[in-house]
Amino acid sequence: MRILSGIQPSGKLHLGNYFGMMRPAIELQEQGEALYFIADLHALTTVRDPAALRNYTRELAIDFLACGLDPARACFFRQSDVPAVTELAWILSTVTPMGLLERCHSYKDKTARGLAASHGLFAYPVLMAADILLYDSDLVPVGRDQKQHLEVTRDLAIKVNELYGDVFKLPEPSIRADTALVPGLDGAKMSKSYGNTIEIFEEEKVLKKKIMGIKTDSTPVEEPKPTEDSAILGLYKLMAGEGDYAAMVEAFRAGGTGYGDFKKALFAATWEYFAPMRARRAELLADPGQVDEVLRAGAEKANALAGPVMARVRRAVGLA
Ligand code: TYM
């Protein structure tokens with residue numbers, strides 16, 4: 001089984017990325033041939049500062065390794081190090097109906113929030129389909145927000161197979177119900193573009209301040225607190241032990257504890273949960289050559305895997 005996923009270097013790693021994609025991806029690396037990449041070509045649709053893009057890319061590589069990506073098991077590379085992906089994206093774009101892309105929520109959301117409606121933003125799902133199909137991927141671990149992009153990928157694969165014979169494997173998304181949508185500071189989906197993120201490798205003080213800033217209602221301390229749709233509980237569940245989580249739910253229901261105390265407990269759980277990753281990250285930061293070497297070897301392997309698939313595609317469509 002081939003497992004593949006990507007993450008954009010368009011900001012710092014946040015809890016949504018970690019629980020929605022990274023942790024499942026890291027677990028899956030034990031179960032098949034895993035390929036994980038940094039989607040720097042996708043990030044170009046929103047990051048305009050070259051120095052920032054380089055920094056985000058490097059930090060994300062370090063963070064993914066710190067979180068447990070094992071380069072001995074998974075092939076880890078930068079999207080732009082495999083040039084065939086843009087060639088495949090072009091070929092796919094020639095069979096992509098405009099209407100299919102016009103229906104994509106992510107494009108509509110981004111332009112509604114004021115991002116310029118560039119062709120790259122519009123064609124984003126086609127490049128993502130190329131990422132997936134280029135490596136004959138079977139399984140793609142992602143958060144729920146990427147579900148529609150996986151559907152586009154399957155539609156395009158089916159279209160190519162109808163037109164040109166059996167060219168592509170049909171990939172399946174892997175979306176875990178318990179972490180499909182990690183809430184942000186305001187209770188909505190945690191997202192860089194909503195400005196409601198909690199960054200994992202933030203300084204202690206900054207992290208605490210962020211968590212203390214989670215939006216809550218005005219229920220008085222002594223009253224029971226609503227447990228439904230609580231961002232505090234939603235996040236605590238991800239990082240606290242089962243017993244601690246159950247105790248917090250109980251304390252919400254009982255009343256008598258203020259939101260400030262719940263947030264302090266959430267901060268403590270978050271800080272503790274990521275302690276081993278922080279330690280590993282400090283080691284990686286001290287040895288920059290190691291990360292470069294992992295990405296270099298990853299690129300070599302990814303290009304080798306992409307080669308035969310791309311040759312198959314070129315033959316199928318008549319370019320070879
Ligand atoms: P990106 O960088 O926006 O997000 C990376 C991963 O994090 C997940 N995620 C979340 N999951 C649960 N709750 C949240 N609040 C949350 N926020 C983010 C995303 O679902 C995603 O899995 N298009 C992709 C990158 C990509 C890709 C690919 C993924 C490019 N090519 C090929 C898979 C296969 C993206 O925007 O990721």
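Figure 1. The ligand sits in the largest pocket. A pocket here is an open set of points on a 1 Å grid over the protein atoms alone, with protein on both sides within 12 Å along at least five of seven lines. A molecule sits in a pocket if more than half of its atoms lie within 2 Å of its grid points. This is a predicted model, in which local features need pLDDT of at least 70 and side-chain atom pairs count only at pLDDT 80 or more, while totals for chains, interfaces and linings use all residues. Residues are numbered from 1 along each chain as its sequence is written, and side-chain values use heavy atoms, with hydrogens and water left out.

Figure 2. Helices (H or I, at least four residues) and strands (E, at least two) are DSSP runs, numbered from the N terminus.

Figure 3. Tyr-124 places a polar side-chain atom 2.8 Å from a ligand oxygen atom. At Gly-143, a backbone N or O atom lies 2.9 Å from an oxygen atom of the ligand. Gln-146 has a polar side-chain atom 3.0 Å from a ligand nitrogen atom. The protein covers 96% of the 710 Å² of accessible area that the ligand has on its own. Areas come from the Shrake-Rupley method with a 1.4 Å probe; for residues, only the protein chains shown count as cover.

**Figure 4. Ala-130 in helix H7.** Ala-130 lies in helix H7. Its relative accessibility is 0%, so Ala-130 counts as buried. Buried means under 20% relative accessible area, exposed over 50%, and partly exposed in between (1.4 Å probe, protein chains only). Leu-92 is 38 residues from Ala-130 in sequence, and the two C-alpha atoms are 7.3 Å apart.

**Figure 5. The loop between strand S3 and helix H4.** Gln-79 lies in this loop, between S3 (74-78) and H4 (84-93). Gln-79 is buried because its relative accessibility is 2%. A polar atom of the Gln-79 side chain lies 2.9 Å from the backbone nitrogen of Leu-41. Val-82 lies in the loop between S3 and H4. At 1% relative accessibility, Val-82 counts as buried. Val-82 and Val-126 are 44 residues apart along the chain, with 16 Å between their C-alpha atoms.

**Figure 6. Two aspartates with positive phi.** Asp-136 is found in the loop between H7 and strand S4 (139-141). Phi of Asp-136 is near 50 degrees, a positive value in a residue other than glycine. Asp-136 has 15% relative accessibility and therefore counts as buried. Asp-229 lies in the loop between helix H9 (204-212) and helix H10 (231-239). Asp-229 is not a glycine, yet its phi is positive, at about 60 degrees. With 75% relative accessibility, Asp-229 counts as exposed.

Figure 7. Asp-166 belongs to the loop between helix H8 (147-164) and strand S5 (172-174). Asp-166 is exposed because its relative accessibility is 75%. Arg-312 is 146 residues from Asp-166 in sequence and 9.9 Å away in space, C-alpha to C-alpha. Leu-44 is in the loop between helix H2 (40-43) and helix H3 (50-66). At 44% relative accessibility, Leu-44 counts as partly exposed. Leu-44 and Thr-270 are 226 residues apart in sequence, and their C-alpha atoms are 31 Å apart.

Notes: A polar contact is a pair of N or O atoms within 3.5 Å; within protein, one must be able to donate a hydrogen and the other to accept it, and residues adjacent in sequence count only if both atoms are side-chain atoms. On a 1 Å grid over the protein atoms alone, a cavity is a set of points where a 1.4 Å probe fits but cannot get out, and a pocket is an open set with protein on both sides within 12 Å along at least five of seven lines; lining residues have an atom within 4 Å of a point.
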